[in-house]
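Look over the sequence and the model below. Then read on for a short tour of its parts.

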Amino acid sequence: MLKNKSLLSSAVLVAGLSACSSNAVEPVPAILPADSSEARAEIIEIVSNALGGKKVSIAQDVFQESSRLLLGPKPVTAPNGVTVYNSNPAPALVFELIKRGDNCLIRRLDTMETWPLTTQLCVKRQAIK
């Protein structure tokens, strides 16, 4: 009986320590610094590949103000210049820049796939107050 209690307490201790160590490398939302054109080029390539090679337009300041990138369908403009809205719009695809330890990663939220960035310029995004 004592042996079982000892074994159980050891298992609980190991599980507790594992939980603590996994929290140390939990991914956190991240942003990029203002001069990150090299990272932007890599982000365009990653997102394009994630979408089966589709060309994507991404702003110069991607991931500088927010840790999320939302991609939606391109608006359609009628010949008279009026924007035509689809009555059944597709939901936006969301990519998130995260930092896990020293690594910068891009995560696609609908599939939870992640891709590493070779640049390590990202920094933890500060909470908005």
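How many bridges join β5 to β6? Six bridges join these two strands, and they run antiparallel. Strands pair if DSSP finds at least two bridges between them.

This is a predicted model, in which local features need pLDDT of at least 70, side-chain atom pairs count only at pLDDT 80 or more, and totals for chains, interfaces and linings use all residues. Residues are numbered from 1 along each chain as its sequence is written, and side-chain values use heavy atoms, with hydrogens and water left out.

**The whole chain**

The chain holds two helices and eight strands. Helices (H or I, at least four residues) and strands (E, at least two) are DSSP runs, numbered from the N terminus. Along the sequence, the pattern is α-β-α-β-β-β-β-β-β-β. The chain has 129 residues, and 26% of them are buried. Buried means under 20% relative accessible area, exposed over 50%, and partly exposed in between (1.4 Å probe, protein chains only). Of the contacts with a separation of 6 or more, 55% are between residues 24 or more positions apart. A contact means heavy atoms within 4.5 Å.

Strand β5 covers residues 93-100. The table lists its pairings.

| Partner of β5 | Sense | Bridges | Residues standing opposite |
|---|---|---|---|
| β1 | antiparallel | two bridges | Pro-29 and Ile-98 |
| β2 | antiparallel | four bridges | Leu-70 and Val-94 |
| β6 | antiparallel | six bridges | Leu-97 and Ile-106 |

β5 and β6 form a hairpin with two residues between the strands. There, Gly-101 takes a positive phi near 65°.

Glu-96 lies in strand β5. Is Glu-96 buried or exposed? Glu-96 counts as buried, because its relative accessibility is 7%. Residues that Glu-96 touches include Pro-29, Phe-63, Arg-68 and Ile-106, leaving aside residues up to four places away in sequence.

**Helix α2**

Helix α2 runs over residues 37-50, which makes 14 residues. From its first C-alpha to its last, α2 reaches 20 Å, close to the 20 Å expected at 1.5 Å a residue. The expected span is 1.5 Å times one less than the number of residues. Buried residues of α2 include Ala-39, Glu-42, Ile-43, Ile-46 and Val-47. An α-helix has 3.6 residues a turn, so residues three or four places apart point the same way. Just after α2, Gly-52 takes a positive phi of about 75°.

**Two side-chain links**

The structure holds one aromatic pair. The rings of Phe-95 and Trp-115 have centres 6.4 Å apart and planes at 40°, so the pair is tilted. Phe-95 is in strand β5 and Trp-115 in strand β7, so the pair ties together parts that are 20 residues apart in sequence. Both residues of the pair, Phe-95 and Trp-115, are buried. Rings of Phe, Tyr and Trp (its six-membered ring) pair if their centres lie within 6.5 Å; planes under 30 degrees apart count as stacked, over 60 as edge-to-face and the rest as tilted.

The whole structure also has one disulfide. A disulfide is a pair of cysteine sulfur atoms within 2.5 Å. Here the sulfur atoms of Cys-104 and Cys-122 are 2.1 Å apart. The torsion about their S-S bond is about -105°, so the disulfide is left-handed. Cys-104 sits in strand β6 and Cys-122 in the loop between β7 and β8, 18 residues apart. Cys-104 and Cys-122 are both buried.
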